[in-house]
Amino acid sequence: QLQACGGGLVQAGGSLRLSCAASGRTFSLYVMGWFRQGPGKEREFVAAISRSGSTYYADSVKGRFTISRDNAKNTVYLQMNSLKPEDTAVYYCAARADISEVTNKQRYDYWGQGTLVTVSS
């Protein structure tokens, strides 16, 4: 089970940190990802982190967002800086067993409930 939190309302240029806590004792074995779905849009890949800590980012967030994980706390984070109005979306965390096609949402097995991020201009 995945539980995401940390969303909220922030002005453009501001920062937020999302957290996603996972239950179970095998968190360290999973690849963790963040996706987002803006109003009227498809759910899209944002970032992912492998079991070893390798990170992957969508071009639209590269240099602004940072994904990290704390296996001792069974938690993955998404630090979002320099936020833009187009970052407004519901953000979802997800988990999967392998790293292939890391941007493909169809390859993720488990999903959290989503947390809303709203960036005002």
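Some housekeeping before we start. Residues are numbered from 1 along each chain as its sequence is written, and side-chain values use heavy atoms, with hydrogens and water left out. Since the model is predicted, local features need pLDDT of at least 70 and side-chain atom pairs count only at pLDDT 80 or more, while totals for chains, interfaces and linings use all residues.

Okay, let's begin with strand β7, residues 65–70. When I say strand, I mean a DSSP run of E with at least two residues, numbered from the N terminus. And buried means under 20% relative accessible area, exposed is over 50%, and partly exposed is in between, with a 1.4 Å probe and protein chains only.

The partner of β7 is β8, residues 75–80, running antiparallel and joined to β7 by six bridges. Two strands pair, by the way, if DSSP finds at least two bridges between them. F65 has M80 as its bridge partner in β8. The two strands make a hairpin with four residues between them, and there N74 takes a positive phi near 50°. N74 is itself buried, at 18% relative accessible area. Setting aside residues up to four places away in sequence, N74 touches C20, A21, A22, S23, G24 and F27; touching, or contact, means heavy atoms within 4.5 Å.

R69 counts as buried at 15% relative accessibility. What does the side chain of R69 meet there? One polar atom of that side chain lies 3.5 Å from the backbone oxygen of I49, and a polar contact of 2.9 Å joins the side chains of R69 and N71. For a polar contact we need a pair of N or O atoms within 3.5 Å; within protein, one must be able to donate a hydrogen and the other to accept it, and residues adjacent in sequence count only if both atoms are side-chain atoms. Leaving aside neighbours within four places in sequence, the contacts of R69 include F27, Y30, M32, I49 and V76.

On to the core. In soluble globular proteins, nonpolar side chains tend to be buried together. Here, the largest nonpolar core has 34 residues, and W34, V46, F65, V76, L78, M80 and Y91 touch the most other members. A core in this sense is a set of buried Ala, Val, Leu, Ile, Met, Phe, Trp, Tyr and Cys residues joined through side-chain atoms within 4.5 Å. Strands that each supply at least two residues of this core include β1, β3, β4, β5, β7 and β8. Take V46: among the residues it touches, beyond four places in sequence, are W34, F65, L78 and Y91.

Next, β4, which is mostly covered, with six of its seven residues buried. β4 is joined to β9 by seven bridges, antiparallel, and pairs with β5 over five bridges, also in the antiparallel sense. R36 shows both pairings: its bridge partner in β9 is Y91, and in β5 it is E44. The hairpin of β4 and β5 has six residues between the strands, and G40 in the turn has a positive phi of about 70°.

Last topic: aromatic rings. How many aromatic pairs does a search of the whole structure find? Six. Rings of Phe, Tyr and Trp (its six-membered ring) pair if their centres lie within 6.5 Å; planes under 30 degrees apart are stacked, over 60 edge-to-face, and the rest tilted. F35 and Y108 have ring centres 5.0 Å apart and planes at 80°, so that pair is edge-to-face. Because F35 lies in β4 and Y108 in the loop between β9 and β10, the pair ties together parts 73 residues apart in sequence. Y108 and W111 have centres 6.1 Å apart and planes at 55°, so that one is tilted. F35 is buried at 1%, and Y108 is buried at 5%, while W111 is partly exposed at 29%. F35, F45, Y92, Y108 and W111 form one aromatic cluster.
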